[in-house]
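Let me put the model up on the screen, and then I'll walk you through a few spots.

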Amino acid sequence: MSTAPTSLAPTMPSVWRQYHALTKPRVIQLIVFCALIGMVLAVPGLPSWAQLQTAALACLGIWLVAGAAAAFNCVVEQQIDAKMRRTAWRPTAKGELGNVRTLTFSAVLCALGSAILYLWVNPLTMWLTFATFVGYAVIYTVILKPLTPQNIVIGGASGAMPPVLGWAAMTGVVAPEALILFLIIFLWTPPHFWALALYRVEDYRKSGLPMLPVTHGSEFTRLQILLYTFVLFAACLMPFIMRMSGWVYLVAALALSVGFCGYAWALWRNYSDALARKTFRFSLWHLSLLFAAMLIDHYI
Ligand code: HEM
Ligand SMILES: CC(C)=CCC/C(C)=C/CC/C(C)=C/COP(=O)(O)OP(=O)(O)O
């Protein structure tokens, strides 16, 4: 039995719902939100009307190219997806959407998003976003994922790019502050993914992919999760230390980091699938609320 998301845009006609599902919409929402925070932090004070328009177009462009990358991933991984309970429902895995149609969909989204970024944002943002597309769709999906258990660590660099893209969209440069936000997402990705991979380990065993819990076992993976959450804790303090964010952010970062380390510690000491699932869900709250705190802090 597969585990299709039940709440997926139920009012859409079914073929559009299938295309929509291929863009991994919930992941992309958080990616675009992180890009938006990069945009917010790049502009001191309240944005002008022109800056608001640029930000809206940048969000749209990044959303389209990220959706294209996700759809491309679904084509490449259709046979793997078909073997895993979590992904077997995908229209590409079930053969409901063919390769030509899906690749065309991905190419159209990528071209449209790139054109928006090039024409109405700036060429640097377009090229960085396109490089992120290649990083996820080709370097991570095609090369690293079947090759090494460090796949998601190295591949996580593409997932960490959104704040850099957002900053570049508003300023035309890659600033050191944006790289701090990059570092936070980069360090957040391993505990985020490995928590999931622990309770989905049978899926990954069947898939043949060399994911860390399959190649190195549960205990080693849990130790890695714990170590990454400690380093992530330190990285989460950097926006305050570098005076990018103030006290509201600091309080949120401390609370969320203590929470994440607490989950990682409990998981390390006493494993259960239920706890791994809770740790994964908490990772989503951690990143969402951390970036929301930067937003609130910026405007008060
Ligand atoms: C290489 C990097 C990453 C890997 C391997 C990864 C892996 C995954 C996997 C396998 C899931 C599916 C969970 C499920 O189906 O139950 C997931 C869910 C999710 N990921 Fe990641 N992730 C990565 C990076 C990111 C990034 C950068 C973000 C956002 C900034 C993100 C946000 C999310 C969200 C919001 C979900 C929940 C989706 C849902 O509830 O349907 N992930 N991730
Ligand atoms: C242009 C731009 C901003 C691109 C962003 C790149 C991107 C979509 C990053 C998100 C990472 C992601 C969906 C990981 C899922 O892992 P997986 O693909 O291993 O998961 P699966 O097993 O569900 O297919």
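M126 sits in helix α6; helices here are DSSP runs of H or I with at least four residues, strands are E runs of at least two, and both are numbered from the N terminus. Before I go on: this is a predicted model, where local features need pLDDT of at least 70 and side-chain atom pairs count only at pLDDT 80 or more, while totals for chains, interfaces and linings use all residues. Residues are numbered from 1 along each chain as its sequence is written, and chains are lettered from A and ligands numbered from 1 in the order in which they are written.

So, is M126 buried or exposed? M126 is buried, because it has 24 other C-beta atoms within 10 Å. The cut-offs, with C-beta atoms placed from the backbone: buried is 20 or more other C-beta atoms within 10 Å, exposed is 12 or fewer, and partly exposed is in between. Leave out residues up to four places away in sequence, and M126 touches S114, L117 and Y118; contact means that the C-beta atoms, placed from the backbone, lie within 7 Å. M126 and A35 are 91 residues apart along the chain, and their C-alpha atoms are separated by 13 Å.

T125 is also in helix α6. T125 has 29 other C-beta atoms within 10 Å, so it counts as buried. Setting aside neighbours within four places in sequence, T125 is in contact with A58, L117, L165, A168 and A169. Take A168 from that list: 43 residues from T125 in sequence, yet 5.7 Å away in space, C-alpha to C-alpha.

Next, a helix pair. Helix α2, residues 25–42, packs with helix α3, residues 49–76, at an angle of about 145°, and the axes are 10 Å apart. Axes here are lines fitted to C-alpha atoms, for helices over the stretch in contact, and angles run from 0 to 180 degrees between N-to-C directions. Which residues make that contact? From α2 we have I28, I31, V32, A35, L36 and M39, and from α3 come A55, A58, C59, I62, W63, A66, G67 and A70. By class, that's 13 nonpolar, one polar and no charged residues. For the classes, Ala, Val, Leu, Ile, Met, Phe, Trp, Tyr, Cys and Pro count as nonpolar, Asp, Glu, Lys and Arg as charged, and the others, Gly among them, as polar. As a reminder, an α-helix has 3.6 residues a turn, so residues three or four places apart point the same way.

K24 is partly exposed, because 18 other C-beta atoms lie within 10 Å. R243, in the loop between α11 and α12, also has a positive phi, near 60°, and isn't glycine either. R243 has 8 C-beta neighbours inside 10 Å, so that one counts as exposed.

Now the ligands. Ligand 1 is surrounded by 18 residues, and the closest are R26, V27, L30, I152 and G159; a residue counts as near if its C-beta atom, placed from the backbone, lies within 6 Å of the molecule. Two or more residues of that shell come from each of α2, α7, α9 and α13.

How many residues surround ligand 2? There are 19, with V65, A66, T132, Y136 and G159 the closest. Helices α2, α3, α6 (123–144) and α7 (151–159) each supply at least two, and α3 gives the largest share, six residues. Here the classes come out as eleven nonpolar, six polar and two charged.

Last stop, helix α13. It runs over residues 273–299, 27 residues in total, and reaches 40 Å from first C-alpha to last, close to the 39 Å expected at 1.5 Å a residue; that expected span is 1.5 Å times one less than the number of residues. Its buried residues include F280, H286, L290 and D297. The buried residues of α13 pack against α2, α9 (176–199), α11 (212–241) and α12 (247–269).

Conventions. Two residues are in contact if their C-beta atoms, placed from the backbone, lie within 7 Å.
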